[in-house]
Amino acid sequence: MAATKPFFEAAKDRRTYYALSHESTIPDSRIQEIVKDAILHTPSAFNSQTTRVVVLLGEEHTKTWDLITEVYKQQLPEEKFNQANKRFPGFKAAYGTILFYEDTDTMRQFQEKFKTYQDKFPGWSEQTNGMHQYVIWTALEAEGLGVNLQHYNPLIDVRLATEFKVPTEWDLKAQMVFGKPTSGPAVPNKEFKPIEERLKVYGVK
């Protein structure tokens, strides 16, 4: 199934959306297809393929944010929890959550195999995880879904790993929340630094 927007149009439109409903613009099968394609075709250093993903929809998504709220209430002082809890209901109200992990065992295997670059693999692992996040975020944008990216790890790591039977060698990196937007993006008019400060091109014909 083709996306509703060309890639660069989706890339330009991609923004953070916090106001999301428990609805989707596409069927769950399409969401799975997007995530599978991202996992299969997003690059990684030495083709290490270290990124792991957990997709949570329906009741599992709702339960996830109940668990996160519970963990924060147990582990944070009341004042800090109350501050964090202002956002949790909004995430819970969305349609789904995607958890992004890195497989540390696989990364260590590549560190052993390519000792010359041993110290580089942790950074490369973070890079490929970020690329998976971007590919999926942009693909969901292309389908008319709103997305925001959260980082409530490491407080929530153990609780979610226990609930969803996540292997101990998977290291949680981010939580992507998505759903049908009910209002505009958090920053509708993004400001850009001058491209001349960010780009150098040589050898133009």
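Me: Buried means under 20% relative accessible area, exposed over 50%, and partly exposed in between (1.4 Å probe, protein chains only). How does N47 count on that scale?

Reply: N47 counts as exposed because its relative accessibility is 52%. Before we go on, keep in mind that this is a predicted model: local features need pLDDT of at least 70, side-chain atom pairs count only at pLDDT 80 or more, and totals for chains, interfaces and linings use all residues. Residues are numbered from 1 along each chain as its sequence is written, and side-chain values use heavy atoms, with hydrogens and water left out.

Me: Where is N47 found?

Reply: Helices (H or I, at least four residues) and strands (E, at least two) are DSSP runs, numbered from the N terminus. N47 is in the loop between α2 and β2. Q49 has its place in that loop between α2 and β2 too, and Q49 is partly exposed because its relative accessible area is 49%.

Me: What about phi in N47?

Reply: Most residues other than glycine have a negative phi, and most peptide bonds are trans. N47 isn't a glycine, yet its phi is positive, about 55°. Q49 also has a positive phi, near 50°. For the peptide bond, look at N153 to P154: this one is cis, with omega near 10°. You'll find P154 in the loop between β4 and α8 (157–163).

Me: How many aromatic pairs does a search of the whole structure find?

Reply: A pair of aromatic rings is described by the distance of the centres and the angle of the planes. Rings of Phe, Tyr and Trp (its six-membered ring) pair if their centres lie within 6.5 Å; planes under 30 degrees apart count as stacked, over 60 as edge-to-face and the rest as tilted. The search turns up 19 pairs. One of them is tilted: F46 and F121, 5.5 Å centre to centre with 45° between the planes. F46 lies in the loop between α2 (28–41) and β2, while F121 is in helix α7 (residues 121–142), so this pair ties together parts 75 residues apart in sequence. F46 is partly exposed because its relative accessibility is 37%, whereas F121, at 2%, is buried.

Then there's Y101 with W170, also tilted: 5.7 Å between centres and 50° between planes. Y101 belongs to strand β3 (residues 96–103) and W170 to strand β5 (residues 170–181), so parts 69 residues apart in sequence are tied together. Rings can group up too: F46, F110, F114, Y117, F121 and W124 form one aromatic cluster.

Me: Which side chains does T51 join in a polar contact?

Reply: A polar contact is a pair of N or O atoms within 3.5 Å; within protein, one must be able to donate a hydrogen and the other to accept it, and residues adjacent in sequence count only if both atoms are side-chain atoms. T51 sits in strand β2 (residues 51–57), and its side chain has a 2.5 Å polar contact with that of E102 and one of 3.4 Å with that of H132. T51 counts as buried because its relative accessibility is 5%.

Me: Where is N129 found, then?

Reply: N129 is in helix α7, and it counts as buried because its relative accessibility is 0%. A polar atom of its side chain lies 2.9 Å from the backbone oxygen of Y101. Contact means heavy atoms within 4.5 Å. Residues up to four places away in sequence aside, N129 touches T51, F100, Y101, E102 and K173.

Me: Which residues touch the most other members of the largest nonpolar core?

Reply: A nonpolar core is a set of buried Ala, Val, Leu, Ile, Met, Phe, Trp, Tyr and Cys residues joined through side-chain atoms within 4.5 Å. The largest one has 23 residues, and Y72, F88, I156 and L160 touch the most other members. At least two residues each come from β2, α3 (58–75), α4 (78–84), α5 (88–92), β3 and β5. The largest share, 5 residues, is from α3. Another core lies apart from it, with 17 residues, among them I31, I34, V35 and Y95.

Me: In what sense do β4 and β5 pair?

Reply: Two strands pair if DSSP finds at least two bridges between them. Here β4 and β5 run antiparallel over 5 bridges, and N148 stands opposite V177 in β5. Strand β4 (residues 146–150) has 4 of its 5 residues buried, so it is largely enclosed by the rest of the structure.
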